[in-house]
Amino acid sequence: LLSGSPFRGLAKNKILGLAGEESTGKTFYSLAIAKNFQVLEPDGDVVDFTTESDFGKDNLERRGIDNSRFGVVPVETVEEFRTQCMKMIEAMAAEAETPKALFILDSLGNLSTLKEIDDIKTGTNKRDMTKQQLLRGAFRALTLKLGKLQIPMIVLNHTYEVVGAYIPTKEMSGGGGLKYAASQILFLSKKKGKEKEDGVDEHIGSIITVKLDKSRLTREGLKVETLLRFDRGLDRYYGLLSIAEDAGVVKKISTKYEFPDGTKAFESVINKNGEKYFTEDVLKAIEAYTLKHWVLGGGDLQELLAKDEVEANE
């Protein structure tokens, strides 16, 4: 969804919004990206601006994250987040021309403001009208700085049902600050993931549907399904089968799917053994389709990335 390719991910100079209701996997996704970032950048640092409790070193280690390169900065208000983030950016810029770093804000919806805190202390019940303006100003300043240094940021946010809408609609909290600043926004929703074991449906995790709500690189409105398993976390291959079928890489013959090498298998078997069926050749065939049909401009991803990098440097 982010790049139009199974071999790529979040671009270096982008702000990514992950939005959804509680327990839809937002934090898990951000930590999965953080782990992969540390693998790809052995000297890279992750900075987590958190409004919630610390993840804990043991919890991070279980997810394969190097604690020595994962810094946690507690923030309570929009003003504190803006100041701490700007200080971090300036410190990194002083050390390196292009610092290797990934920023995470968890979460935007939980940020308060100095006025809101002051109103609580004084017992004032007036609505805080400053938060949206402060968020827009903060992201306006930070987006330019992050883009120039090619530091990606992941912003987690909560969603809510729009009251009075004729069609059920979800909206992000915090106003339009993130909506305008983010290059890409993903909306997450979930349902129970089940597999048959000895003829009985067993709850194995959550199927998380990810919808591309906004993007400057790929086509908005696209959806994929991913599986977050209880026993081994995010399934690397779940959801690829339907894309492979759309691409014509695999064919459904009766109740089985046929792969390019002639192998046939049931969907349940493929989902349990994704690594066996989705070989590099199959993934490259899927990529040829998604680059053409999912990426804006008919698949010239390099041109779009280069153009965005020039705009950020300007």
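In the predicted model, Ser 254 is found in the loop between strand S11 (251–253) and strand S12 (256–258). Although Ser 254 is not a glycine, its phi is positive, at about 60°. The residue is exposed, with a relative accessible area of 65%. A positive phi in a residue other than glycine also occurs at Ser 23, where the value is near 60°. Ser 23 lies in the loop between strand S1 (15–20) and H1, and at 54% relative accessibility Ser 23 counts as exposed, the cut-off being over 50%. A further backbone feature involves Asp 106 and Ser 107, which are joined by a cis peptide bond with omega of about 5°. Ser 107 lies in the loop between strand S4 (101–106) and helix H4 (114–122).

The buried residues in H1 are Lys 26, Tyr 29, Ser 30, Leu 31, Ala 34, Phe 37 and Gln 38.

The axes of helices H7 and H10 come within 9 Å and cross at roughly 65°. The two helices are therefore roughly perpendicular to each other, since angles of 65 to 115 degrees fall in that class. The crossing of H7 past H10 is left-handed. On the H7 side, the contact is made by Leu 240, Ile 243, Ala 244, Asp 246 and Ala 247. The H10 side contributes Leu 283, Ile 286, Tyr 289 and Thr 290.

Aromatic pairs in the structure number 6. In one of them, the ring centres of Tyr 237 and Phe 278 are 6.2 Å apart and the ring planes lie at 10°, so the pair is stacked; planes under 30 degrees apart meet that criterion. Tyr 237 is located in the loop between strand S10 (233–234) and helix H7 (240–247), and Phe 278 in the loop between helix H9 (274–277) and helix H10 (280–293). The pair therefore ties together parts that are 41 residues apart in sequence. Both residues are buried: Tyr 237 has 18% relative accessibility, and Phe 278 has a relative accessible area of 4%. The threshold for this class is under 20%. Elsewhere, ring pairs link Phe 49, Phe 81, Phe 103 and Phe 139 into a cluster.

Strand S8 (residues 200–215) contains Leu 212. This leucine has 0% relative accessibility and counts as buried. With residues up to four places away in sequence left out of the count, Leu 212 touches Leu 1, Ile 185, Leu 186, Thr 218, Arg 219, Glu 220, Gly 221 and Leu 222. Leu 212 and Asn 13 are 199 residues apart in sequence, and their C-alpha atoms are 18 Å apart in space.

Methods: Residues numbered from 1 in each chain as written. Predicted model: local features only at pLDDT ≥ 70, side-chain atom pairs only at ≥ 80, totals over all residues. Heavy atoms only, no water. Phe/Tyr/Trp six-rings, centres within 6.5 Å; stacked < 30°, edge-to-face > 60°. Helix = DSSP H or I, 4+ residues; strand = E, 2+ residues; numbered from the N terminus. Buried < 20%, exposed > 50% of the residue type's maximum accessible area, 1.4 Å probe, protein only. Axes fitted to C-alpha atoms, helices over the stretch in contact; angles between N-to-C directions. Parallel < 35°, antiparallel > 145°, perpendicular 65-115°, else oblique. Left-handed = near helix turned anticlockwise from the far one by under 90°. Contact = heavy atoms within 4.5 Å.
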